[in-house]
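Please keep the sequence and the model in view while reading.

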Amino acid sequence: MKIGIVFPQTEFGNDPIAIRDYIQTAESLGYNHVLAYDHVLGANPVREGGWNGPYTHKTPFHDPFVLFSYMAGLTSAIEFATGILILPQRQTAVVAKQAATLDLLSNGRFRLGVGTGWNAIEYQALDQNFHTRGKRLDAQVKLLRQLWSGDLLQVDDKWHHINDASLNPAPARP
């Protein structure tokens, strides 16, 4: 049986030494993986129109790719998993590149979990359509798999336009 932990990012704060000690302790205790959640922005609860989410603009959320890259450099065995990365808020090719690089440089220790998210405020701020996030996610997952194949791609859908290009490096575990 494999047992993992959730990085307590909303409670933990921003001290890089504390994060180092946390991940190295988790690995030394034999945990298989650490999971981190994803949010780009937090809203002010007293903003016009209100806000009633589980976190606010004062709640820290580290970027999962940067956090896991830092942790990977400090460890050798523990795996890293997003739970979840809100993919429709991001450019697919950039995520493919970040995920492939992290997986490669951590020796295959990265797992990418994706989802649509629920926070319309983030979508608005990132200039993405909240109402088409499910359909966009479907197209993005298909494209991620194609990009990780290393093949030259011809893609022309509603959200992506790739003309005879490919991604390199590929992830350690496609």
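Helices, taken as H or I runs of at least four residues, and strands, taken as E runs of at least two, are DSSP runs numbered from the N terminus. On that basis the protein chain, which is a predicted model, has six helices and eight strands.

**Overall fold**

- Read along the sequence, the elements of the protein chain follow the pattern β-α-α-β-α-β-β-α-β-β-α-α-β-β.
- A compact globule of 174 residues would have a radius of gyration near 16 Å, and the protein chain, with 17 Å, agrees with that expectation.
- The C-alpha trace spans about 45 × 45 × 30 Å along its principal axes, and buried residues account for 43% of the 174 residues.
- Of the contacts between residues at least 6 apart in sequence, 70% join residues that are at least 24 apart.

**The parallel sheet**

- Four strands, in the order S1-S2-S3-S5, form an open sheet in which the pairing is parallel; its edge strands are S1 (4-6) and S5 (110-111), each of which pairs on one side only.
- Strand S3 (residues 79-82) pairs with S5 in the parallel sense over two bridges, and Ala81 stands opposite Arg111 in S5.
- Helix H3 (residues 64-74) lies across strand S2 (33-36), S3 and S5, and runs at about 170° to S3.

**Helix H6**

- Helix H6 (residues 133-148) has 16 residues, which at 1.5 Å a residue should span 22 Å, and this agrees with its end C-alpha atoms, which are 22 Å apart.
- The buried residues of H6 are Arg136, Leu137, Ala139, Gln140, Leu143, Leu144, Leu147 and Trp148; because they cover an arc of only 170° around the axis, they are on the same side of H6.
- After H6 comes Gly150, whose phi is positive, near 85°.

How values were computed
Residues are numbered from 1 along each chain as its sequence is written. This is a predicted model: local features need pLDDT of at least 70, side-chain atom pairs count only at pLDDT 80 or more; totals for chains, interfaces and linings use all residues. Side-chain values use heavy atoms; hydrogens and water are left out. Two strands pair if DSSP finds at least two bridges between them. Contact means heavy atoms within 4.5 Å. Axes are lines fitted to C-alpha atoms, for helices over the stretch in contact, and angles run from 0 to 180 degrees between N-to-C directions. The expected span of a helix is 1.5 Å times one less than its number of residues. Buried means under 20% relative accessible area, exposed over 50%, partly exposed in between (1.4 Å probe, protein chains only). The arc is that of the directions from the helix axis to the C-beta atoms. The radius of gyration is taken over C-alpha atoms; the globule rule is 2.2 Å times the number of residues to the power 0.38.
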